[in-house]
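Thanks for asking me to look this over. My comments follow as numbered points, with the cut-offs spelled out where each term comes up.

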Amino acid sequence: MPTQIDQVASVYARSLFELARELGGDAGVASMGAELREVCGIVRADGRALELFRSPIVDPGQRAASLKRTFGGRVTDTLLNFMLVLNRKGRLAELLSIEDAYEALEQQAFGRIEVDVFTAGGTVDEATKATLAADLKKSLGKEPVLHFYTDPAMIGGLKLRIGDQLIDGSVAAQLRRMRSALLDRGLGGRDAGTFLS
Amino acid sequence: MKIKTDEITSVIKQEIQNFASQLEISEVGQVVEVGDGIARVYGLGKVMAGELLEFQTQSGKAVTGLTMNLEQDTVGAALFGDTDLIREGDTVKATGRILEVPVGMEMLGRVVDPLGNALDGGAAIRTSATRKVDIVAPGIAARQPVKEPLQFGIKAVDSMIPVGRGQRELVIGDRKTGKTAVCLDCIINQKQYWGTPDAVVCIYVAVGQKDSTVAGVVETLRKNGALDYTIVVNAGSSSPAPLQYIAPYSGCAMGEYFMWQGKEGKAPKHVLVVYDDLSKQAVAYRELSLLLRRPPGREAYPGDVFYLHSRLLERATKLSNENGGGSLTALPIIETQEGDVSAYIPTNVISITDGQIYLQPELFSAGVRPAINVGISVSRVGGNAQIKAMKEVAGSLRLDLAAYRELEAFAQLGTELDAASQRQLDRGARMVELLKQGQFMPFTVIDQCISIFAASKGLMDDVPVAKVSAFEKGLLEYFQGPGKAVRDQLVEKKSFKGLEDQFSAAIKAFKATFK
């Protein structure tokens, strides 16, 4: 689902993105993205790690040492240096937003587009997924990255969210429109008296 | 009587068959922040300023909002309705519409909120038409100069501060000086025209007032039989700032429906809108603007607070004959603090309107009611709209009162005055006495002319000041009885020319019987 990306995060993400591209081209961008996601995955999973990143009580020097101890040799030097820069600037807490911003840049660079697919329930089979992806690619001109969600309130049908656009083909939406059409048109131009005897 | 269910079923079936199943494509966003009647929404990339938004809440109930701020990533929206239901992360849909209110004859006699929902406990209002709330006022080509009078039924106003249909006349004064009472008198006075081609629909817009006060106003209107042609729009002090902000615009939109129906040859086509009061609307707008983080200016009002009132009052119009000749008269009310007319909002509205009726607490406590200060109250266009007879008598009234005010200060020093000055003082005292008038006791314009004629011709000079009001009452009764023939001539000719001697004689005849 599209989330708000703040200005600070997008500036840092762009720097990291451009550095990765200069160093390793498209492959570099992709591998950096994967690495960043992995680091963020760890941080997200462990509440203490997040606390370490955020807490203003921790001394930046100590935090730098701990970052070096934890990630040194396990991630590329570029990413480690990036995290050390964030630490020095007191922006390490932004890492998760930077990941979102980096991903958005990555999608844009590879001509991909995020699409949220909502269904009423149950699993969507692979054949349907493939058809959906192919159709979306044809109409959008970009490679869709599909994320599936369920929303029982839809009753049935399909709902797509592409960026700020919502394409609603759910049964619930059709029922809603039918209701307002019936209310608006009233008795279809007939006098109420014709229904009485 | 029996309902034919099978026929209804067949109609519904037909409707369903004709119902084209279409995909619904819309712009959406998510709530980032909500509170104080304001929401910030992330997304909604293509939304337009002023567009209506639909907030889909978890409870299933949709809440509407109005796009106010377009920022880089987010949209600032003012919320109408149940804002407590909205949570962070809720989906917001752009509707592609702008705010509209229901309009039509069904609204008459009702008390509604600024969105057109009934507040009077009556049945839900179902109208066949709606009108956009915030529109651009008609241009020059669609208008004509103000030419018909809008009678207040108040002597001081109709003679010296005449208001025409389509004019904007400000009612300004401190608290408790009778601002609302003057406007209510005007609404009640329109009763005589209801049902005629000159009928005036009245709309009373209450902004930020106590609900008990508004209930009192509604009761007064009902008691005086004025509610039949009146719509009361209420955004009380407990309603959220966005509703108080749009209330005058929606009242105006309800009035414009009647104004424009004159183009189709329908009546009523004249409208009177009372905005009670615009200072509170400006305060609500200031609250809204500050919450939306718009930069504050003088007195913390946002930079466009002038435009807030000018675009509203510009919608007061006298339409050209090709457009049916309908009119919308605006009576904005502004409350001053300690008589300070040079504060920000009062100066703004004074400069926008075509004149002002200034009410003074000193006059009010001195027993001059309505407490209109006729010296500094003006009407810039209404003079064209006065009937001839009124023009003939009002000129000398204004002069007499001006001379009286000048001499009054001297007289208080206890100095000996020459006979001429004393005469002017006496005349002035009687004029002031004559202009006093009870609340909800409107005078017809002919009656006003006759009493002012009597005073300005010096025929009341020998009536004791304390007896002026009794004399006037008796005089007007006399002209309904023995003097009716003369009065009828005035009604027909609408001018004193050639009738002066007859009137003087009749008044003298009455005076002989008056004790």
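1. Ground rules. This is a predicted model, in which local features need pLDDT of at least 70 and side-chain atom pairs count only at pLDDT 80 or more, while totals for chains, interfaces and linings use all residues. Residues are numbered from 1 along each chain as its sequence is written, chains are lettered from A and ligands numbered from 1 in the order in which they are written, and side-chain values use heavy atoms, with hydrogens and water left out.

2. Chain B overall. The secondary structure of chain B comes to 15 helices and 17 strands; helices (H or I, at least four residues) and strands (E, at least two) are DSSP runs, numbered from the N terminus. Along the principal axes, the C-alpha atoms of chain B fill a box of roughly 90 × 60 × 40 Å. The accessible surface of chain B is about 22400 Å², and 52% of that belongs to carbon and sulfur atoms; areas come from the Shrake-Rupley method with a 1.4 Å probe, and for residues only the protein chains shown count as cover.

3. Of its 515 residues, 54% count as buried. Here buried means under 20% relative accessible area, exposed means over 50%, and partly exposed is in between (1.4 Å probe, protein chains only). A contact means heavy atoms within 4.5 Å. Among the contacts in chain B with a separation of 6 or more, 74% are between residues 24 or more positions apart.

4. Helix H12 of chain B. This helix covers residues 445–456, twelve residues in all, and reaches 16 Å from its first C-alpha to its last, close to the 16 Å expected at 1.5 Å a residue; the expected span is 1.5 Å times one less than the number of residues. Just after H12(B), Gly458(B) takes a positive phi of about 80 degrees.

5. Thr220(B). This residue belongs to helix H4 (residues 211–223) of chain B and is buried, at a relative accessible area of 17%. Leaving aside residues up to four places away in sequence, Thr220(B) touches Ile188(B) and Phe440(B).

6. Cysteines. How many disulfides are there over all chains? The count comes to zero, with a disulfide taken as a pair of cysteine sulfur atoms within 2.5 Å. For Cys183(B), the closest cysteine sulfur is in Cys186(B), 7.1 Å away and too far for a bond. Cys186(B) is in no disulfide either, and its nearest cysteine sulfur, that of Cys202(B), is 6.7 Å away. Cys183(B) is buried at 0% relative accessibility, and Cys186(B) is buried with a relative accessible area of 0%.

7. Asp82(B) lies in the loop between strands E5 (74–80) and E6 (91–98) and Lys61(B) in the loop between strands E3 (51–56) and E4 (62–70), so the pair ties together parts of chain B that are 21 residues apart in sequence. Asp82(B) is partly exposed at 37%, and Lys61(B) is partly exposed at 46%.

8. Two further pairs. Arg143(B) forms a salt bridge with Glu314(B), with the closest N and O atoms 3.9 Å apart. Arg143(B) is in the loop between strand E9 (129–132) and H2 and Glu314(B) in the loop between helix H7 (305–313) and strand E14 (317–318), so this pair ties together parts of chain B that are 171 residues apart in sequence. The side chains of Asp462(B) and Lys511(B) also meet in a salt bridge (2.9 Å, N to O). That pair links the loop between H12 and H13 of chain B to helix H15 of chain B, 49 residues apart.

9. Salt bridges that share partners join Arg176(A), Arg177(A), Glu24(B) and Lys93(B) into one network.

Definitions and conventions: A salt bridge is a side-chain nitrogen of Lys or Arg within 4 Å of a carboxyl oxygen of Asp or Glu.
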